[in-house]
Amino acid sequence: MDALPDFQLLRPASLGDVLKARTEYPDARLLGGGTDLMVNIRRGIVAPTALIDMKNVTELRAIKADAKGIEVGASVTLTELAEHPEVGKYYPVVAQAAAHIAGPTHRNMGTVGGNICLDTRCIYYNQSEWWRSANNHCLKTTGTICHVAPKSRGVCFATFSGDLAPAFLTLGAEVDIIGAAGLRTVPLNSIYIGFARQDTPVTETFGDGKYYLSLRPGEFVTAVRAKNISGLRSAYDKIRIRRSIEYPVAGVAVALRREGDNLVDLRVAFTGTNPRPVLLTGTERLCGRTFDERALKGLEELVRDQVMSMKTTFTPGHYRRRVAGVLARRLVTRLFNS
Ligand SMILES: Cc1cc2nc3c(=O)[nH]c(=O)nc-3n(C[C@H](O)[C@H](O)[C@H](O)COP(=O)(O)OP(=O)(O)OC[C@H]3O[C@@H](n4cnc5c(N)ncnc54)[C@H](O)[C@@H]3O)c2cc1C
Ligand code: SF4
């Protein structure tokens with residue numbers, strides 16, 4: 001394993017101090033639990049000269065959850081979120097997603113902000129410096145081509161794998177983002193711009209596996225929140241290579257409402273499949289009737305159209321897409337019948 005390079009560690013205790021540090025050290029990276037960032041620093045993927053540790057920022061450490069809504073600060077740990085009784089009671093999809101992340105020690109350190117803004121992953125990227133240099137690097141770092149799709153015309157397909165984003169997406173969550181220009185609140189879905197379309201140039205609002213977040217320079221996430229929707233049943237599940245500690249091959253969050261025999265609301269979101277978490281569009285077409293074999297076929301078609309099949313992980317892309325469809329089918333059926 002490579003030794004860590006030198007960097008300065010800043011430990012602000014308030015949001016004001018974080019903003020000040022951001023101005024004084026424009027190239028500094030934010031440090032949540034460091035469970036992903038420190039690995040990437042050790043591998044020479046990024047080499048920030050300063051890190052701003054967010055753990056002691058008291059304003060970002062609260063969880064508010066009740067029958068009306070949920071609000072979680074960016075520095076809350078994944079263990080705190082997974083074990084919070086009200087989160088488990090009213091927002092099971094969030095508690096279950098948090099409990100599915102990595103292993104217990106990662107969850108004790110890892111934070112909500114770090115998970116929501118997690119870097120995208122690829123078998124050609126999450127490697128040591130010597131491995132990547134032997135392969136001539138790739139577009140996401142200093143190389144000139146994409147090894148996953150050599151004819152990608154400058155587009156990177158690295159995959160977003162954070163488990164919390166799909167859970168919050170099914171709740172219609174919004175995020176607070178702060179920067180030098182002040183605080184803004186936007187739909188969570190709008191910060192993920194990893195569309196990775198070869199026919200569309202990468203812009204500030206339309207990115208790929210390399211430019212996957214719409215945060216402006218210096219901005220960071222302070223909180224995520226959602227309102228409770230009466231009667232919404234929700235759950236999270238994922239397939240991973242090792243059951244104990246592993247990024248998702250595919251993860252799926254489902255939230256639905258049933259009235260009598262009819263499905264009246266259906267939200268399905270994936271992670272581990274595309275350069276962004278995918279909130280499936282078109283699910284309203286499956287609502288207004290019972291969830292039968294025809295609806296299941298319709299769900300499978302939506303998954304096939306919207307889930308990417310690029311091979312960015314150890315499993316073949318088409319297998320990952322099939323897994324995503326099967327997981328969604330099982331979870332929707334279970335929740336509908338529960
Ligand atoms: C063996 C192993 C298995 C793993 N398995 C999973 C898994 O199953 N599911 C999963 O989701 N993750 C997994 N991870 C990744 C990681 O542990 C989690 O995603 C964790 O939640 C990251 O949070 P963190 O606070 O440690 O982030 P950090 O590593 O501190 O930061 C991650 C990124 O977010 C940025 N950041 C941090 N806070 C903010 C903020 N407030 N606003 C904007 N940007 C911010 C950082 O600058 C960095 O770019 C795994 C990691 C390892 C090592
Ligand atoms: S998808 Fe292509 S450009 Fe992106 S990290 Fe993988 S190999 Fe590199």
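Predicted model: local features only at pLDDT ≥ 70, side-chain atom pairs only at ≥ 80, totals over all residues.

Trainee: OK. How many salt bridges does the structure hold?

Mentor: There are 20. A salt bridge here is a side-chain nitrogen of Lys or Arg within 4 Å of a carboxyl oxygen of Asp or Glu.

Trainee: Which residue does R121 pair with?

Mentor: R121 pairs with D36, at 3.6 Å from N to O. That pair links distant parts of the chain, 85 residues apart: R121 is in the loop between α7 (112–116) and α8 (129–134), and D36 is in the loop between β2 (29–31) and α2 (37–42). The helices (H or I, at least four residues) and strands (E, at least two) are DSSP runs, numbered from the N terminus.

Trainee: Is R121 buried or exposed?

Mentor: R121 is buried, at 18% relative accessible area, and D36 is buried too, at 10%. The cut-offs are under 20% relative accessible area for buried, over 50% for exposed and partly exposed in between, with a 1.4 Å probe and protein chains only.

Trainee: And what does K140 bridge to?

Mentor: K140 meets D119, with 2.8 Å between N and O. Here too distant parts of the chain are linked, 21 residues apart, with K140 in the loop between α8 and α9 (164–170) and D119 in the loop between α7 and α8. K140 is buried at 10%, and D119 is buried at 10%.

Trainee: What about R197, which partner does it have?

Mentor: R197 forms a salt bridge with D199, and their closest N and O atoms are 2.8 Å apart. R197 counts as partly exposed at 44%, while D199 is exposed at 53%. Elsewhere, salt bridges that share partners join E71, E174, D176 and R225 into one network.

Trainee: Now the loops. Where is K55?

Mentor: K55 is in the loop between β3 (50–53) and β4 (63–65), and K55 is partly exposed at 25%. Leaving aside neighbours within four places in sequence, K55 is in contact (heavy atoms within 4.5 Å) with G32, R61, S75 and M109. The C-alpha atoms of K55 and G110 are 9.9 Å apart, and these residues are 55 apart along the chain.

Trainee: What does T77 touch?

Mentor: Not counting residues up to four places away in sequence, T77 touches R61, R107, N108, G110 and T111. T77 is in the loop between β5 (69–73) and α3 (78–83) and is buried, at 8%.

Trainee: How about A180, buried or exposed?

Mentor: A180 is exposed, with a relative accessible area of 87%. A180 is in the loop between β6 (174–179) and β7 (182–187). Its C-alpha atom is separated by 21 Å from that of R61, 119 residues away along the chain.

Trainee: Last one. What is phi for A102?

Mentor: Phi of A102 is near 45 degrees, a positive value in a residue other than glycine. A102 is in the loop between α5 (92–99) and α6 (104–109), and is buried at 18%. A196 is not a glycine either, and has a positive phi of about 50 degrees. A196 is in the loop between β7 and β8 (220–227) and is buried, at 11%.

Methods. Residues numbered from 1 in each chain as written. Chains lettered and ligands numbered in written order. Heavy atoms only, no water.
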